[in-house]
Each structure stands twice: as structure tokens, then as C-alpha cells.
Amino acid sequence: MATLGNPQETIAVLQKYGFRFQKKFGQNFLIDTHVLDKIIAAANIGSEDFVLEIGPGIGTMTQYLAEAAREVVAVEIDKNLLPILEDTLSDYSNVTVIHADILKLDIQKLAEERNAGRPIKVVANLPYYITTPIIMELFESEVPLDSVTVMVQKEVADRMQSGPGSKEYGALSLAVQYYAEPYIVANVPPNCFMPRPAVGSAVIRLTRHKEKPVAVKDASFMFKLIRASFNQRRKTLQNGLHNSSELRVDKEKVARALEKMELSPSVRGEKLDLAQFARLADLLSE
Ligand code: SAM
């Protein structure tokens, strides 16, 4: 089977199998070898690595991954792609395709069985509708993880990487940065895909922190504070945390914590960085 990664080969495969794109699965296949090379280089895959690919499509990136890694498991939800993958990946003995919804798969068990519980690398051109749930699931669960290198909407990549003071900064930035070091590898325009998506994309690498960047007694409480702060972005932190039905924190208590932190009583949540949210969570849970 020919090497994929350009428009001609992609069209040939799609026509051979009479494949029809399904919008609900977020199917935009990569047709640019430079972008594929960049993803593989950024993911830093070596011959010892076990790679989990989410959504192989017709197997374009899977071929690249199989060349670089020890073993690749590719999880695809669309059964119409299975005969295609069997064909396009027939030359690679180190690839297994699993027909499943990644959101329902026990990834921890997979890592245990296939990589003896050692940290795995996740690489994907993600269907955009599952970007946040799958990334949060990977980091919040006990899956042994080295890094996640993914194609996402450009706007989402910017949100993951931004800090206080930028308009993209929000709960997703803090959640990602608590678990990982984000690095935007490349911006990718719509013409690198078939069919073309409506928005620009970016490849982002999230390298899991060996140790958390902040110490907090109750991380789940901190994330409740973060969500409440950004749910009401234009409100002061005092009002935001008080109004939140999940929290209902006493305004006085917030005021005292802010004073201890030497922050203005009218500060908004969007001004606080991760270390400050951690401190606030500890003060409020005292
Ligand atoms: N990796 C291919 C490429 O780069 O050309 C395809 C990427 S395409 C953006 C996303 C792929 O994920 C599609 O093949 C789609 O069918 C698959 N997919 C969508 N939802 C999924 C899910 N919940 N679990 C597993 N695969 C999924």
C-alpha cells in the first residue's frame, strides 16, 4: 500500500472504498506531509515508545507513527474505516486497530497490558467535538502518561497555553497547566485537510509534569473555585464565588482570604494565576 499524506493518495483510497465523510465524527483527514513530519518530531517518538492514536481515519498519521514507534494502538469509532485501515496499514506488524469510542475505552487497562504500565504517548488529529473531554480524562485519570501531542482548533490551543491578562485565559488554561506543560508546535491552515475545516487548527504538545507546579490540599475544590470564577468572568471573585450554586462561599471569608493574599477585594478571577488559585483554595478550605 502506498504511503499516505498527500491529496492524490487520499482521494484514491477514498474512491476505492466509496468512503463518505461523517460530519458527526469530526472527520478532516490530513493531506500535508510537512505537518505530519512536524507532529511526529514534536511528539518525540522513539523505537521504545508505545503510542496511542485517537481516530486514525484512513491511517495516514498511523503510518508515520508505525515507522517511528515500537508499537501503535489506533482507536477508531467509524466502522466504515476498518477495511480501509486494514489495507493502508497492512505493511505494519506493530499496529493494532481497535474499533471503539475512545471516551468509553479503558485506556489505563490498555497501557497496563501493552506497555507494562509505563508512560504512554498519545498522538492524534482529534475530532474537535471530543477535545476537552478526552484531554481532561487522560490527565485526571490514572493513565500513565508521558505526553499528549494533538491537533486541535487553534482557538483551543491558544486557550490551553495562555495566562492571566489574555482574553483566552480561562478554566481550560488552568486545568491543562496544572497537569502539563503546553507548547504550541505549529499552526495549521484549513487547506492541509480533506475536507477543509471551517476554522484554523494548531498542533499542541502537552508534556505531563513530573511534579505538580503548585501544592494544593484539595485540587478538586480548587477547580470548583476556578470554574465558578470563570463562569462569571465579569464579576468580582467575591461575587462569583458567592453566587455559585456549587460553592456559596461567604463573601466575608473570600474578602479575608484576598487580604491575606494582598489582592484587591474587587479583583476578578481572571487576574489570578494557578499558584494564587491554589493559595485561595487552601485559605478557603481552612
Ligand atoms: N488521524 C486521521 C488524519 O489525521 O487524517 C483522521 C483525523 S479526523 C480529524 C478524526 C478521526 O477520529 C476520524 O477518523 C473519526 O472517525 C475518529 N473519531 C471521531 N470520534 C471518535 C471517538 N469518539 N473515538 C474514536 N475515534 C473517533
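This is a predicted model: local features need pLDDT of at least 70, side-chain atom pairs count only at pLDDT 80 or more; totals for chains, interfaces and linings use all residues.
## Aromatic pairs

A pair of aromatic rings is described by the distance of the centres and the angle of the planes. The structure holds nine aromatic pairs. One of them joins Tyr-169 and Phe-230, whose ring centres are 5.6 Å apart and whose planes stand at 90 degrees, an edge-to-face arrangement. Tyr-169 lies in the loop between helix H7 (154-161) and helix H8 (171-179), while Phe-230 belongs to helix H9 (residues 219-231), so this pair ties together parts that are 61 residues apart in sequence. Tyr-169 has a relative accessibility of 1% and therefore counts as buried, the cut-off for that class being under 20%. Phe-230, with a relative accessibility of 11%, also counts as buried.

Another edge-to-face pair is formed by Tyr-178 and Tyr-179, with 5.0 Å from centre to centre and 80 degrees between the planes. Tyr-178 counts as buried at 6% relative accessibility, and Tyr-179 counts as buried at 11%. These two tyrosines belong to one aromatic cluster, which they form together with Phe-139 and Phe-223.

## Helices H11 and H12

Two packed helices are described by the angle between their axes and the distance between the axes. For helix H11 (residues 251-260) and helix H12 (residues 274-284), the packing angle is about 130 degrees and the axes are 10 Å apart. Because of that angle, H11 counts as oblique to H12, and the crossing of the two helices is right-handed.

On the H11 side, the contact involves Lys-253, Val-254, Ala-257, Leu-258 and Lys-260, which meet Arg-279, Leu-280, Leu-283 and Leu-284 of H12. Sorted by class, the residues of this contact comprise six nonpolar and three charged ones, with no polar residue among them.

## Helices H2 and H3

Helix H2 (residues 33-43) and helix H3 (residues 60-68) also pack, with axes that come within 10 Å and cross at roughly 45 degrees. This angle makes H2 oblique to H3, and the crossing of H2 and H3 is right-handed.

The residues that H2 brings to the contact are Thr-33, Leu-36, Asp-37, Ile-39 and Ile-40, and those from H3 are Thr-60, Met-61, Tyr-64, Leu-65 and Ala-68. In the contact of H2 with H3, seven residues are nonpolar, two are polar and one is charged.

How values were computed: Residues are numbered from 1 along each chain as its sequence is written. Side-chain values use heavy atoms; hydrogens and water are left out. Rings of Phe, Tyr and Trp (its six-membered ring) pair if their centres lie within 6.5 Å; planes under 30 degrees apart count as stacked, over 60 as edge-to-face and the rest as tilted. Helices (H or I, at least four residues) and strands (E, at least two) are DSSP runs, numbered from the N terminus. Buried means under 20% relative accessible area, exposed over 50%, partly exposed in between (1.4 Å probe, protein chains only). Axes are lines fitted to C-alpha atoms, for helices over the stretch in contact, and angles run from 0 to 180 degrees between N-to-C directions. Angles under 35 degrees count as roughly parallel, over 145 as roughly antiparallel, 65 to 115 as roughly perpendicular and the rest as oblique. A crossing is left-handed if the near helix is turned anticlockwise from the far one by less than a right angle, and right-handed if clockwise. Contact means heavy atoms within 4.5 Å. Ala, Val, Leu, Ile, Met, Phe, Trp, Tyr, Cys and Pro count as nonpolar, Asp, Glu, Lys and Arg as charged, and the others, Gly among them, as polar.
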